[in-house]
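Here is a report on one protein model. Have the sequence and the coordinates open as you read.

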Amino acid sequence: MGAPGAPGGTGRGVSGWLWALGGVVAASAIWASVMFATGGFSAGSGPDLAGYAYTDDLCAATSMTPFTDAHYKPTQNTGTAAKDPNPQHSGAQQTSMDTMWCNIGLTQEGASTTGYSSTWVYNAVTLHKKADPAPEFADIYRSYEKQGMSVGYKVDQVQGLGDEAYLVTRNDAGSTTGSYVILAVRVGGLTYQSTWSSYSTSTATTKQPTSDEVTQMLKSSASETLKHLQRGGGGR
């Protein structure tokens, strides 16, 4: 899962991607170790995957429309980062679970070179083929509220998405310099997480979206992306 202060921005796409990928891999490894220790993996039929299937390019299945409607577009990498693709995707098919990732650096239309700004969307999908993620799913995100750190989080249940869904919002209401929002959805044995991380200096010329505006973008993108994954992962 994501964490505050993810690296990103022009010239830092690789480090941002590695940060996101590393967090997802670590979370999957912890989940897997718990399942093995408790006997959660079995030779049974496994959780219902509700018609979802693995795709090797989650970015191709990710709905970008809510972001483009809000005047964001994928960042055009320049300089030393020009060789790095944006968006970036990866994935792995394994016996116990299939995992997919998509990392997208975004730039607001009309943004100038004054100041510094960084906006990223990190998406991760896991198909749990052996262990049922349902018993632990809520607690994973509710735990954000119990973190004893200077930055607090608010967790809300979201209606109308999947079997259950949660929204994690950093407590920085009214901030003009950035926002951090996680939307997590479970449908049967599929888990989906989309993380928005944005930051800008006070000298940046563009206005950061509010957490409520980010929430609407993530919810709309999640709804369409999950439909694409059920249809086989094609198209945006």
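## Basis

This is a predicted model: local features need pLDDT of at least 70, side-chain atom pairs count only at pLDDT 80 or more, and totals for chains, interfaces and linings use all residues. Residues are numbered from 1 along each chain as its sequence is written, and side-chain values use heavy atoms, without hydrogens and water.

## Overall fold

The protein has 5 helices and 8 strands. These are DSSP runs numbered from the N terminus: helices are H or I with at least four residues, strands are E with at least two. From the N terminus, the order is α-α-α-β-β-β-β-α-β-β-β-β-α.

Of the 236 residues, 49% are buried. Buried means under 20% relative accessible area, exposed over 50%, and partly exposed in between, with a 1.4 Å probe and protein chains only. The accessible surface is about 10800 Å², and carbon and sulfur atoms hold 52% of that. Areas come from the Shrake-Rupley method with a 1.4 Å probe; for residues, only the protein chains shown count as cover. Contact means heavy atoms within 4.5 Å. Among contacts between residues at least 6 apart in sequence, 68% join residues at least 24 apart.

## Helix H5

Helix H5 covers residues 211–230. At 1.5 Å a residue, its 20 residues should span 28 Å, and the end C-alpha atoms are 28 Å apart, which agrees. The expected span is 1.5 Å times one less than the number of residues.

Buried residues of H5 include Ser211, Val214, Met217, Leu218, Ala222, Leu226 and Leu229. The arc is taken over the directions from the helix axis to the C-beta atoms. Their cover includes helix H2 (58–61), helix H3 (65–69) and strands E4 (117–128), E6 (164–170), E7 (178–187) and E8 (190–200).

## Helix H4

In H4 (residues 134–142), Phe137, Ala138, Ile140 and Tyr141 are buried. Their arc is within 155 degrees seen down the axis, so they line one face of the helix. Pro135 and Asp139 are exposed on the other side.

## Nonpolar cores

A nonpolar core is a set of buried Ala, Val, Leu, Ile, Met, Phe, Trp, Tyr and Cys residues joined through side-chain atoms within 4.5 Å. The largest has 31 residues; Phe67, Leu106, Leu183, Val185 and Trp196 touch the most other members. H2, strand E3 (97–108), E4, E6, E7, E8 and H5 each supply at least two residues of this core. H5 gives the most, with 6 residues.

Beyond four places in sequence, Leu106 contacts residues including Met64, Phe67, Tyr72, Val121 and Trp196.

## Two buried polar residues

Ser194 is in strand E8. Its relative accessibility is 1%, so Ser194 counts as buried. A polar contact of 2.6 Å joins the side chains of Ser194 and Asn123. A polar contact is a pair of N or O atoms within 3.5 Å; within protein, one must be able to donate a hydrogen and the other to accept it, and residues adjacent in sequence count only if both atoms are side-chain atoms. Beyond four places in sequence, Ser194 also contacts residues including Val121, Leu183 and Leu218.

His228 is in helix H5. Its relative accessible area is 5%, so His228 is buried. A polar atom of the His228 side chain lies 2.8 Å from the backbone oxygen of Ala61.
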